[in-house]
2 protein chains.
Amino acid sequence: MYKLNLETCFSPALYEPERHSGAIVVVIDIFRATSAMCTAFEHGAQAIIPVATVDEAREYKGKGYLVAAERDGFVLDFADFGNSPFNFTPERVEGKTIVYSTTNGTRIISLAAAADSIIIGSFLNISAAVRWIKMQKKDVVLFCSGWKNRFNLEDTIFAGAMAARLLSGTAYTTICDSTYAALDLWSLASTDLIGYVEKVAQRSRLRDKNLDDCIPFCLGMDFTRKLPVYCDGILIGIEVQ
Amino acid sequence: MYKLNLETCFSPALYEPERHSGAIVVVIDIFRATSAMCTAFEHGAQAIIPVATVDEAREYKGKGYLVAAERDGFVLDFADFGNSPFNFTPERVEGKTIVYSTTNGTRIISLAAAADSIIIGSFLNISAAVRWIKMQKKDVVLFCSGWKNRFNLEDTIFAGAMAARLLSGTAYTTICDSTYAALDLWSLASTDLIGYVEKVAQRSRLRDKNLDDCIPFCLGMDFTRKLPVYCDGILIGIEVQ
């Protein structure tokens, strides 16, 4: 029986666009972008426009959009709030189109532009994402954002969690060392996720800026059934049954 | 107390030369280049010249050098033998300068050119390499060759083995997620190294070409006390007590 292919990419610097033109690409940035996006849709956001630069974010603000934008842990002066999932409350986001400033996220989406489809994954919507993927019958790439092109652990263990679910059926197979590594790291992390991420570099970075309050939340499973799907510069949240 | 820094790099595509100019770089290509180089020095080779292209290898052959060169699993017609460690027998290599064809290895060495020093690591010389590093009192980068820029498991578990030894003392510390991942993967692999590498992609590649006979040998610890050190285009093997 022909099996679908599952791969994992640990960094934008390792992504090979030409190899993944027919695949579903799952964009992963657990601390905090993809977790925040899933939260926004659960709380009723209508759409999210990811933008790379401060200038773009400011321009959208001028047009009346709600803007979530930080640099180095500080909310930009023109923005409505920062990039933490906790900022995307129902009161603020319901029915709104939000501009989300994310240099890395925007770069990843543009790298993956030739893919069959681009979706946003996080622990918060993992079951919904897996159910949706299984319906598509396409190859999958688990694309970890990393940090400044570097490997990171939190995105990797999420990729491992997702790979474990996809490979538990008969549809998918892998011959990719990155996926095997992610599966093994997930097997070590899964019994005590919050304890495991104590050591990750991004956790220290967020703690140093008092931005780590959202970490236990970002590691919680299935907060939402909404799956953010990217299309023509915009993310919309589809409800997955 | 000031501690020395330990980092791990999973692929040439992730290496940041400017950040590592004062460090010792350990070049790792377990299947098979760095294992073969360590074997050659244990068997009496005087020096190894790593070259990137077939043309360079052929040119050296014309000058009378012993040349180890393969492409896609086939020994090149002008070469003396292929790239497996088993080819570097004492009868062939004692007292000789050998030209070793390795596209990836040569690229890595040139990427690391600004480092304080470049050494060759493999399971075959792990204890010697660790002893030598501890004497230098310098930061260390464990530089995995990977395969065609991709992450691979065998180089990563070796990096984990080496990191475990360096971090077991008080001299080194790390805040690098790649190192944590390598340590965790080593903890899973170390109890049954040969069993663990059954799944790695390079093992399948070598098996498909009948080149996998050297795998158990490449996973054996401390075959030699020789440490290949790179200097001005040439590797020499120093004996580490």
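Student: Okay, is B:Asn149 buried, exposed or partly exposed?
Tutor: B:Asn149 is partly exposed, because 16 other C-beta atoms lie within 10 Å. Keep in mind that this is a predicted model.

Student: Where does B:Asn149 sit?
Tutor: B:Asn149 is in the loop between β9 (140-144) and α6 of chain B. The backbone there has a positive phi, near 75°, in a residue other than glycine.

Student: What about peptide bonds, which ones are cis?
Tutor: In chain A, a cis peptide bond joins A:Phe31 and A:Arg32, with omega about 20°. In chain B, the bond from B:Phe31 to B:Arg32 is cis, with omega near 15°. For background, most peptide bonds are trans.

Student: Where do I find A:Arg32?
Tutor: In the loop between β2 (24-28) and α1 (33-42) of chain A. B:Arg32 is in the loop between β2 (24-28) and α1 (33-42) of chain B.

Student: So what is α1(A) like, how many of its residues are buried?
Tutor: Nine of its 10 residues are buried, so α1(A) is largely enclosed by the rest of the structure. Among the buried ones are A:Ala33, A:Met37, A:Cys38 and A:Phe41. Just after α1(A), A:Gly44 takes a positive phi of about 100°.

Student: Let's switch to strands. What's up with A:Cys9?
Tutor: A:Cys9 belongs to strand β1 (residues 4-9) of chain A. A:Cys9 is buried, because 30 other C-beta atoms lie within 10 Å.

Student: Which residues does A:Cys9 touch?
Tutor: Leaving aside residues up to four places away in sequence, A:Cys9 touches A:Leu14, A:Tyr15, A:Val141, A:Phe143, A:Cys144 and A:Ser178. Take A:Phe143: it is 134 residues from A:Cys9 along the chain, yet their C-alpha atoms are separated by 4.9 Å.

Student: Which strands does β11(A) pair with?
Tutor: One is strand β8 (residues 117-121) of chain A, which runs antiparallel to β11 (residues 226-231) of chain A and is joined to it by two bridges. In that pairing, A:Ile118 has A:Tyr230 as its bridge partner. Another is strand β12 (residues 234-239) of chain A, also antiparallel, over six bridges. There, A:Pro228 has A:Gly237 as its bridge partner.

Student: How many residues are there between the strands in that β11(A) and β12(A) hairpin?
Tutor: Two residues, and in this hairpin A:Asp232 takes a positive phi near 50°.

Student: Now helices. How do α6(A) and α7(A) pack?
Tutor: Helix α6 (residues 153-167) and helix α7 (residues 177-189) of chain A pack at an angle of about 100°, with their axes 7 Å apart. That angle makes α6(A) roughly perpendicular to α7(A).

Student: Which residues make the contact?
Tutor: From α6(A) they include A:Thr156, A:Ile157 and A:Gly160, and from α7(A) they include A:Leu183, A:Trp186 and A:Ala189. By class, the contact has 10 nonpolar, three polar and no charged residues.

Student: Last topic: how many residues of chain B contact chain A?
Tutor: 23 residues of chain B are in contact with 23 residues of chain A. On the chain B side, the elements giving two or more residues are α6 (153-167), α7 (177-189) and α9 (201-208). α7(B) gives the most, with seven residues. The residues on that side divide into 13 nonpolar, six polar and four charged.

Student: And how are the two copies related?
Tutor: A rotation of 180° with 0.0 Å of shift along its axis superposes chain B on chain A, with an RMSD of 0.0 Å. The two copies are therefore related as by a two-fold rotation axis.

Student: Which residue of chain B comes closest to the rotation axis?
Tutor: That's B:Ala13, with its C-alpha at 3.1 Å.

Student: Why do you say the copies meet through the same surface?
Tutor: Because 100% of the interface residues of chain B are also interface residues in chain A.

Definitions and conventions: Residues numbered from 1 in each chain as written. Chains lettered and ligands numbered in written order. Predicted model: local features only at pLDDT ≥ 70, side-chain atom pairs only at ≥ 80, totals over all residues. Contact = placed C-beta atoms within 7 Å. Helix = DSSP H or I, 4+ residues; strand = E, 2+ residues; numbered from the N terminus. Nonpolar A, V, L, I, M, F, W, Y, C, P; charged D, E, K, R; others polar. Pairing = 2+ DSSP bridges. Least-squares fit on C-alpha atoms with pLDDT ≥ 70 in both. Axes fitted to C-alpha atoms, helices over the stretch in contact; angles between N-to-C directions. Parallel < 35°, antiparallel > 145°, perpendicular 65-115°, else oblique. Buried ≥ 20, exposed ≤ 12 C-beta atoms within 10 Å, placed from the backbone.
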